[in-house]
Amino acid sequence: MQKKIISEWISVGMLSERTGVSVSALHFYERKGLIKSQRNTSNHRQYPKHVIRIVSLIQVAQRTGFSLEDILLEFEGLPNRTRVTLEDWEALGSRWQSELDRKITQLTELKNMMADCIGCGCLSLERCWLLNPSDELGEKGTGPRLMTE
Ligand code: FES
């Protein structure tokens with residue numbers, strides 16, 4: 001019986017097909033240092049199969065609002081950057097969930113402040129919390145701060 005050989009490497013087209021990410025985006029990720037390929041004997045790029053999980057994580061992180069630079073920093077903190085384990089995913093997911101909670105709180109506060117401004121339109125540096133939250137400009141001194149900075 002002939003043994004079936006399963007390749008541990010996939011082409012950029014296959015990676016694109018498996019992740020739904022365009023080939024050009026995958027090349028962009030590689031230029032940014034998020035994923036790595038190697039050249040085969042025909043000089044074509046090939047990726048280890050476990051890169052599928054890394055690309056999937058990049059997609060989740062981007063949907064969460066992280067920039068590629070943020071994601072790269074997160075990946076650099078992983079014990080083994082070339083292979084993402086279930087434990088890595090749990091740690092990343094937990095941190096990303098905290099970041100989402102922080103953003104939700106921040107956006108809810110902004111929404112509440114905006115509700116006070118609807119129908120007002122004064123955009124007063126003294127009164128408007130949207131324009132000058134917590135009177136931050138007042139802490140810098142008197143005068144037309146926005147005009148001189
Ligand atoms: S626009 Fe008047 S308080 Fe914000």
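Biologist: Which pattern does the protein chain follow when read along the sequence?
Modeller: The secondary structure of this predicted model comes to seven helices and three strands. Taken in sequence order, these elements give the pattern β-α-α-β-β-α-α-α-α-α.

Biologist: In what order do the three strands form the open sheet?
Modeller: Strands β1 and β3 pair in the antiparallel sense over three bridges, while β2 and β3 pair, also antiparallel, over two bridges. The strands β1 (9–11) and β2 (38–39) stand at the edges with a single partner strand each, so one side of each is left without a neighbour in the sheet. The open sheet therefore has the order β1-β3-β2.

Biologist: Which residue in β3 is the bridge partner of I10?
Modeller: Strand β1 covers residues 9–11, and its pairing with β3 is antiparallel, over three bridges. Within β3 (residues 45–48), the bridge partner of I10 is Y47.

Biologist: Which residue stands opposite R39 in β3?
Modeller: Strand β2 spans residues 38–39 and pairs with β3 over two bridges. Q38 stands opposite Q46, whereas the residue in β3 that stands opposite R39 is R45.

Biologist: Which residue in the turn of the hairpin has a positive phi?
Modeller: The hairpin is formed by β2 and β3, with five residues between these strands. In that turn, a positive phi of about 65° belongs to N43.

Biologist: At what angle does helix α1 run to β1?
Modeller: Helix α1 is made up of residues 12–19 and lies across both β1 and β3. Of these two strands, β1 stands at an edge of the sheet. Relative to β1, helix α1 runs at about 90°.

Biologist: Why can V60 belong to a surface patch, and which residues form that patch with V60?
Modeller: V60 lies in helix α3, which covers residues 51–64. Patch residues need over 30% relative accessible area, and V60 qualifies on this count because its relative accessible area is 33%, which makes V60 partly exposed. The nonpolar patch has about 250 Å² of accessible area together, and the residues that form it with V60 are L86 and W89.

Biologist: What percentage of the residues of the protein chain count as buried?
Modeller: The protein chain exposes about 10,800 Å², of which carbon and sulfur atoms supply 54%. Among contacts with a separation of 6 or more, 48% are accounted for by residues 24 or more positions apart. With under 20% relative accessible area as the cut-off for buried, the share of the 149 residues that count as buried is 26%.

Terms used
Residues numbered from 1 in each chain as written. Predicted model: local features only at pLDDT ≥ 70, side-chain atom pairs only at ≥ 80, totals over all residues. Heavy atoms only, no water. Patch = residues over 30% accessible without salt bridge, like charges linked within 9 Å, V, L, I, M, F, W, Y side chains within 5 Å. Areas by Shrake-Rupley, 256 points an atom, 1.4 Å probe, with all protein chains shown as cover. Salt bridge = Lys/Arg side-chain N within 4 Å of Asp/Glu carboxyl O. Helix = DSSP H or I, 4+ residues; strand = E, 2+ residues; numbered from the N terminus. Buried < 20%, exposed > 50% of the residue type's maximum accessible area, 1.4 Å probe, protein only. Pairing = 2+ DSSP bridges. Contact = heavy atoms within 4.5 Å. Axes fitted to C-alpha atoms, helices over the stretch in contact; angles between N-to-C directions.
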